[in-house]
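Here's a walk through a multi-chain model, helix by helix and then out to the sheet, the interface and the confidence scores. Have the coordinates open while you read.

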Amino acid sequence: MNSAPSLTPSAPLPPETKTGTPTPAGRASTLIAAQFETQAAVRQGSAWTNIQAIAGVVIKELYRRKDFYVLFILTALITLALGSARFFGEDGSVRYLKEICLLLIWIAGLVIAITTTARQIPAERENRTIFPLLAKPVTRQHLVLGKFFGCWLACGLALLVFYFFFGVISAVREHDWSPGAYFQILTLHWFLLGIIVAMTLLGSIVFAAPSSNSTITLLVAVGILLLGRHLNTLALQLAAPAQQIVYAIYFTIPHLELFDVRDLVIHNLGTIPWLIWCGALGYAAAYSAIFLGAACLLFRRKALN
Amino acid sequence: MQIREYLLTLSLLGTICFSLATYLEPWFQHWAGNRAQSANVLTVALGDSRRLFAKHFYVKADAYFHSGYYPTIFDNRPASGQMHMAAAGAGQKQHEEGTDFLGQPKDWLDAFSRHFFPSKHRHLGEGAVPEHHHEGADGHHDDDDKGGSGEEREVLPWLRLSANLDPERPETYIIASYWLRSQLGKVNEAEQFLREGLRSNPGNYEILLELGRIYYENRKDFDRARNVWELALRNRRESAKPEAEILPYAQLVGNLAKLEDEQHNYAKALEYLDLLYQVSPHKDSIQKWIDEVKAKKLQGP
Amino acid sequence: MEAILKIENLRVEYRSREIGQGVKQAVKGLNLAVYPGEVFGFLGPNGAGKTTTMNVLLGFVNATAGAAYLFGVDVRKPIARQRIGYLPELTYYYKFLSAEEILRFYGKIFRIPAAQLDERIDSILKLVELEHARQRPIRTYSKGMQQRVGLAQALINNPDLLVLDEPTSGLDPIGRMKVRQIIQRLKSEGKTVFFSSHELGEVETICDRVAILNQGELKAEGRVDDLVRHYQCANLEQVFLKIIDYEQAA
């Protein structure tokens with residue numbers, strides 16, 4: 001009985017049979033050695049390939065469901081209906097239209113991001129599609145990251161459509177448009193949705209039901225958007241230890257309201273300094289990474305069924 | 001047996017329900033809170049909560065006037081809390097106090113966040129951030145400060161919506177009318193809107209004051225302006241409201257005094273100036289005006 | 001001969017969901033080896049630990065103790081699954097994708113070059129007789145068609161080891177025959193097949209060796225005819241029942 005070949009990349013391959021065709025044993029040993037030779041190269045390349053492949057499936061899913069189209073059509077119809085209104089015989093008002101259109105875009109963005117992301121991993125587990133996927137050389141981390149990038153990119157594509165519509169409407173009414181400001185609001189909104197997608201993914205691993213995850217994430221997101229900026233003001237009015245608790249929350253939560261620059265666009269107040277804009281994107285990337293890291297850690301030990 | 005019991009129970013419950021409905025229906029028809037009596041869709045749908053929405057949209061119009069720079073319920077602001085669109089409310093000092101509600105940044109996050117929302121005081125129609133506001137004795141902005149760009153039209157949709165939701169807010173009609181006639185040149189629409197406000201708020205002296213201004217400033221119909229302002233004054237005196245609403249009263253008597261002065265009715269002008277002197281904080285300038293009118297009266301026609 | 005699949009002293013425990021039951025041992029000290037080119041049947045009654053063992057091999061579940069290797073690589077490393085194909089018992093795939101899209105998706109994960117992937121998809125769809133429905137979304141497929149999609153995705157990377165969990169479950173006799181034919185064809189190509197099944201008649205026909213598991217322990221292992229002779233039974237089914245009954249009687 002031949003001893004098992006040494007499992008190092010430099011180990012010689014076992015000899016083939018006299019006929020020149022590899023025996024099953026020889027074939028297995030060849031495979032094992034080849035495995036190690038390619039292991040390093042495959043590991044580097046396959047992570048991003050896996051993430052890309054999984055993200056592609058998520059994007060396909062979003063655009064084959066009706067949610068996005070329904071939301072877009074609703075937004076467009078409401079905006080166009082309101083745009084046809086005249087107040088006191090004056091049809092030059094545009095800011096109210098921009099505000100309502102942006103509000104609808106924000107609502108649609110939140111709905112798309114949260115509902116799409118909340119069902120990703122639970123659906124994989126419930127439908128058992130996670131098993132054939134993880135039976136491939138795909139790790140759980142690849143799955144989480146792939147879902148994140150898929151949902152985030154899908155949100156980005158949706159936002160592109162929404163903001164294009166918004167840009168057309170405001171350009172037609174205002175006879176002017178500000179590409180810098182529109183680019184900033186789009187990118188900031190997209191990165192905000194990145195934080196929310198990451199938060200929802202983490203929630204989908206913590207909470208069993210997508211509905212509870214969606215509700216909690218939506219409440220947290222809306223709560224931060226409305227109150228996040230004012231927590232420090234609130235803390236000043238409280239006594240210890242409540243003050244310390246509120247301050248801790250203030251400095252810990254991701255300040256989603258930073259990415260809400262609708263008022264700047266509505267009132268044509270120009271662009272944010274580009275360095276500040278970069279800082280905001282970096283802030284979003286950092287928080288997204290924290291949530292994703294936590295999601296990957298929690299998912300490592302999670303039972304799949 | 002079981003099915004019979006279920007059917008009997010259901011019949012009993014149905015009978016009780018119908019009896020209750022028959023008993024309550026006449027009472028409901030006469031109930032003051034019966035929204036179904038209203039022809040207004042919003043009244044039926046929202047009930048009294050429409051007033052909350054009306055207030056919200058009125059505040060939104062004010063926020064639009066300030067290009068988004070507006071305090072929230074968490075920010076410090078003057079106790080008066082008056083909206084100062086069209087300077088129909090606060091004087092200069094109050095306006096300046098009310099504008100610096102943000103204060104210094106409390107921490108690095110606060111400082112960073114100020115780049116992402118309007119954090120400088122500006123009005124619609126103004127280019128740069130104004131240092132001071134120039135206001136006349138009656139609280140109006142000087143003509144020099146009017147932007148004249150027509151941007152003030154942006155507040156109109158919210159004022160229209162606020163008026164639809166709560167027709168019983170006179171200030172909505174007054175403010176909208178001011179911008180329509182003074183900045184947008186829509187005098188007819190302004191008058192129409194004020195008359196709509198009068199239908200919902202019969203005899204409201206503030207609306208009559210603004211209506212009088214249309215006749216005085218825009219239509220140059222001084223007799224009609226006088227009639228409307230005198231009616232406003234009578235209604236104000238007969239009104240049961242508290243005396244806190246000093247500013248509109250001061251504007252009313254001030255306008256009447258100015259009108260009579262220009263129409264050479266010096267006796268009447270002096271009467272109104274006396275009333276103005278009692279309530280105005282600018283007693284020196286009022287006294288100077290009184291002296292000028294007295295001098296003109298002495299000079300004769 | 002080096003084993004292509006190797007399990008050493010595998011123990012898998014989990015906390016029972018029933019109150020007061022404590023820790024349950026699903027697999028107790030399992031030792032198993034599968035050699036290249038053979039068709040290996042993994043048998044046992046329900047709850048014997050077959051699925052748990054497969055879950056460990058595929059990296060779904062971590063072992064409490066012991067080790068498992070695929071091609072000499074620890075199963076906890078994703079690279080161990082580079083050369084295997086897996087067909088789960090319950091076949092569910094993304095309903096909104098078509099068969100071709102699913103295969104393309106999995107092919108991308110295996111980093112199969114695009115041109116080669118196109119050829120493989122064509123040949124596999126022909127093999128599983130799904131060419132006519134390749135563009136239709138999976139939600140329009142029958143159960144048998146979905147099972148064949150499962151087989152197709154298990155073969156997309158031309159694996160050297162196929163792990164099949166109840167491959168004929170829920171199929172009609174024609175479907176079962178086709179699966180048997182595919183397994184035999186794969187065997188003739190030198191592939192190794194490791195599968196669990198309750199269809200002992202089929203197992204007897206196509207398997208080279210079998211292992212019988214009961215209550216997490218390996219009870220018997222070897223060639224079918226050797227086991228039949230050893231236990232003095234007429235067929236594999238009787239061997240199976242004898243082992244299980246023997247255990248229950250004991």
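On one side of helix 3 of chain C you'll find Ala115(C), Gln116(C), Glu119(C), Ser123(C) and Lys126(C), which are exposed (12 or fewer other C-beta atoms within 10 Å of the residue's own; 20 or more makes it buried, anything in between partly exposed, with C-beta atoms placed from the backbone). Arg120(C), Ile121(C), Ile124(C) and Leu125(C) of that helix are buried. Look down the axis of helix 3 of chain C and its buried residues fall within an arc of 125 degrees, so they line one face of the helix; the arc is taken over the directions from the helix axis to the C-beta atoms. In general, an α-helix has 3.6 residues a turn, so residues three or four places apart point the same way.

One caveat before going on: this is a predicted model, where local features need pLDDT of at least 70 and side-chain atom pairs count only at pLDDT 80 or more, while totals for chains, interfaces and linings use all residues. As for labels, residues are numbered from 1 along each chain as its sequence is written, and chains are lettered from A and ligands numbered from 1 in the order in which they are written.

What do the buried residues of helix 3 of chain C pack against? They sit against helix 2 (99-109) and helix 4 (143-155) of chain C. Helix 3 itself covers residues 114-127 of chain C, 14 residues in total, and reaches 20 Å from its first C-alpha to its last, close to the 20 Å expected at 1.5 Å a residue (that is, 1.5 Å times one less than the number of residues). Helices here are DSSP runs of H or I with at least four residues, strands are E runs of at least two, and both are numbered from the N terminus.

Helix 1 (residues 50-57) of chain C is another story: eight of its eight residues are buried, so it is largely enclosed by the rest of the structure. Among them are Lys50(C), Met54(C) and Leu57(C).

Both helices are followed by a residue with positive phi:

| Helix of chain C | Residue that follows | Phi |
|---|---|---|
| Helix 1 | Gly59(C) | positive, near 85 degrees |
| Helix 3 | Glu129(C) | positive, near 60 degrees |

Chain C also has an open sheet of four strands in the order 2-1-4-5, with antiparallel pairing; two strands pair if DSSP finds at least two bridges between them. Its edges are strand 2 (23-34) and strand 5 (73-74), each pairing on one side only. Strand 1 (residues 5-15) and strand 2 of chain C pair over eight bridges, and Ile7(C) stands opposite Leu32(C) of strand 2.

Chain B, by contrast, comes to 13 helices and zero strands. Of its 301 residues, 33% count as buried. At the interface, 26 residues of chain B are in contact with 25 residues of chain A (C-beta atoms, placed from the backbone, within 7 Å). Helix 6 of chain B gives the most to this side of chain B, with four residues.

Now for confidence. pLDDT is the predictor's confidence in each residue, from 0 to 100. Chain A has a mean of 85, with 85% of its residues at 70 or more, but pLDDT stays under 50 over residues 1-26 of chain A. Chain B averages 81, and 80% of the residues score at least 70. Its pLDDT is below 50 over residues 86-94 and under 50 over residues 128-147. Where pLDDT is low, the predicted coordinates should not be read in detail.

How values were computed: Contact = placed C-beta atoms within 7 Å.
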